[in-house]
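Student: I would like to go through this model by its helices and a few of its loop residues. Please give the cut-offs along the way.

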Amino acid sequence: MGSTDAILDKNVAGGRPSVKAWWKESSVYQIYPASFKDSNGDGIGDIPGIISKLDYIHKLGVDIVWLNPVFESPQIDMGYDISDYYGIHPPYGTVEDVEELIHRLHERKMKLVMDLVVNHTSDQHQWFRNARSSINSPYRDWYIWRKPMFGVDGKPQPPNNWVSYFGGSAWEYDEASGEYYLHLFAKEQPDLNWENPQVRSAVYKIIRHWLDKGVDGFRMDVINFISKDPSFPDAPITDPASKWQSGAKFYACGPKLHNYLREIGSILKEYDAFSVGEMPEVSDVQEILNAVGYDRGELNMIFHFEIVQLDHGTGGKFTCGNWEMQDLKAIVSKWQTSMHQNNGWNALYLENHDQPRTVSRFASDKLEDRTRSAKMLATFMGFQSGTVFIYQGQELGMPNVPRTWGIEEYRDIETLNHWHENTRTQPDDNALHSTNLTEYRMKSRDNGRTPMQWDASTHAGFSAVKPWISVHDDYTVWNAALQVDDEESVYYYWSNVLRLRKSIPEILVYGSFDLISPEHPDVFAYTRTSETGCALVVINFRASEISWSVPEATRERFWSGKTLLSNYPQETRSVLDIVIKLAPFEAFLWLAVDGI
């Protein structure tokens, strides 16, 4: 893929030169190991199963495989609670299996990215066991401990009012020592104290260990949380109905975050390694540029959350939120233009292990609409500026969990904690419980965690036995075996998107971005432009036919050209009319004649 030595491209569209790098021209396929492919019949996906499907991934045309956590873990949060960074969770395989996976990927000129979870560990990690063993333990300061406050009843209270992302206080009381420890997630996930240089040294040793084994980079879980305001003040009250409040303003981008990221970045630079950071609770462009700016030496790119939180209600993720097309346009245009103009870089994603399926969320998962909807969403995301991330099953158009699912089918700690808290505090509110189930079917993390649907055999070819989480009911009519050789399939369409990005990178990778018809309530249209040419992307997000009056400047620029890709191939155009009729969920990529 070439060296990451920066090269200033001749493309100066948008007023800034583009900096070329191999990871900008790459695409990433994300694998959730437990749900990808079971090779040994225990109902849980594993690394040998992944190896058995590498030709499928390679044929799609991706360059990098990102593996969700496979390290030793009690699996309280599906591996995001690591108990040993040097060992592999036995149901997934062994260190030797990881080494074989690296070898097999490199044979195919592909790379492996692993999940680095270092804001917190498992409470079963030896570091925390030692820290908890005594207030005088040399590991005590590896975590964040504070003395309690005391209520009028004389009972200990948490040192501040921060809420955990999985519900309740972000502090857990340790009876033996009479102190609280911080856990922004589950109580079994205590936060590391990055102020301690020994912690940082231990983390950097882990990074080097896996890079030395041939891993090509890391996705870094909630990496912007690693620096906290050391005074740990109370959070402002934003939810009057709750005792616990979001303290994100005190840890989302803490005072020493960029110092720590530069230390990580200096190691990654030695290895020419890939990095993408997950950065929740951050919407400020400058704060993101501080992390991903070309000359900052920190991260290559980050995941922001503005698009995937569009449908969150005022009461949180599991409440209904309505959004307008203008909201989506504003978010996309904000990140596309700001990154291009300031030598930053975007990570493009709509699905991952924490998000539901996009055909169900932003389009239509009805069998008659799903192929077209999935292709439309691939067009929308796949031709923007940034590195494309495809989550397993997205390339097939897999949907959310069946609407028949009851709470007994769910496995996700976030969903189950929310359900148990609501049924505990409001046991007789059946309307609320029904609404919650509706929201879970739309937004629960389990929507993206149902097993890969490989074929129409029992358990969708994922396993010889009943999987750890149920397979979707539609697997007999919606699976990889039916799509991989079908030129009209979602899989084939995604492969064409990736092929086109590689064939004209000057435009589709490095070109500038401009939103067209920003006021239109239904059409999402944008251009990508470089000195070598320009492309137009047009998308109808609606389930009905709509009309689009093409702006005069756009018609003049694209009056003649050709359709490079369309999810309605029979509608291929030779000219852009003054008014275009767009069929339900129609999407196409048009290249101007000077871009051929």
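Student: Which handedness has the crossing of H7 and H8?
Tutor: Helices (H or I, at least four residues) and strands (E, at least two) are DSSP runs, numbered from the N terminus. A crossing is left-handed if the near helix is turned anticlockwise from the far one by less than a right angle, and right-handed if clockwise. For H7 and H8 the crossing is right-handed.

Student: What kind of model is this, and how are residues numbered?
Tutor: This is a predicted model, in which local features need pLDDT of at least 70, side-chain atom pairs count only at pLDDT 80 or more, and totals for chains, interfaces and linings use all residues. Side-chain values use heavy atoms, with hydrogens and water left out, and residues are numbered from 1 along each chain as its sequence is written.

Student: Are H7 and H8 parallel or oblique to each other?
Tutor: Axes are lines fitted to C-alpha atoms, for helices over the stretch in contact, and angles run from 0 to 180 degrees between N-to-C directions. Helix H7 (residues 285-292) and helix H8 (residues 325-341) pack with their axes 11 Å apart, at an angle of about 45°. Angles under 35 degrees count as roughly parallel, over 145 as roughly antiparallel, 65 to 115 as roughly perpendicular and the rest as oblique. H7 and H8 are therefore oblique.

Student: Which residues of H8 make the contact with H7?
Tutor: Contact means heavy atoms within 4.5 Å. On the H7 side, the contact is made by Val285, Ile288, Leu289 and Val292. On the H8 side, the residues are Lys334, Trp335, Ser338 and Met339.

Student: What do the buried residues of H8 pack against?
Tutor: Buried means under 20% relative accessible area, exposed over 50%, partly exposed in between (1.4 Å probe, protein chains only). The buried residues of H8 include Leu328, Ile331, Val332, Trp335 and Met339. They pack against H7, strand S18 (347-348), helix H10 (367-382), strand S20 (512-516) and strand S21 (523-530).

Student: Is Asn343 buried or exposed?
Tutor: Asn343 is in the loop between H8 and S18. Its phi is near 55°, a positive value in a residue other than glycine. With a relative accessibility of 12%, Asn343 counts as buried.

Student: Which residues does Asp365 touch?
Tutor: Asp365 lies in the loop between helix H9 (358-362) and H10. Its relative accessible area is 12%, so Asp365 is buried. Not counting residues up to four places away in sequence, Asp365 touches Val359, Ser360, Arg370, Pro399 and Arg403.

Student: Why do the buried residues of H12 line one face of the helix?
Tutor: The buried residues of H12 are His433, Asn436, Leu437, Glu439, Tyr440 and Lys443. The arc is taken over the directions from the helix axis to the C-beta atoms. Seen down the axis of H12, the buried residues line one face because they fall within an arc of 165°.

Student: Which exposed residues are on the face of H12 turned away from its buried side?
Tutor: The buried residues of H12 are covered by elements including strand S16 (312-313), strand S17 (316-320) and helix H11 (413-425). The face turned away from the buried side carries the exposed residues Asn430 and Ala431.
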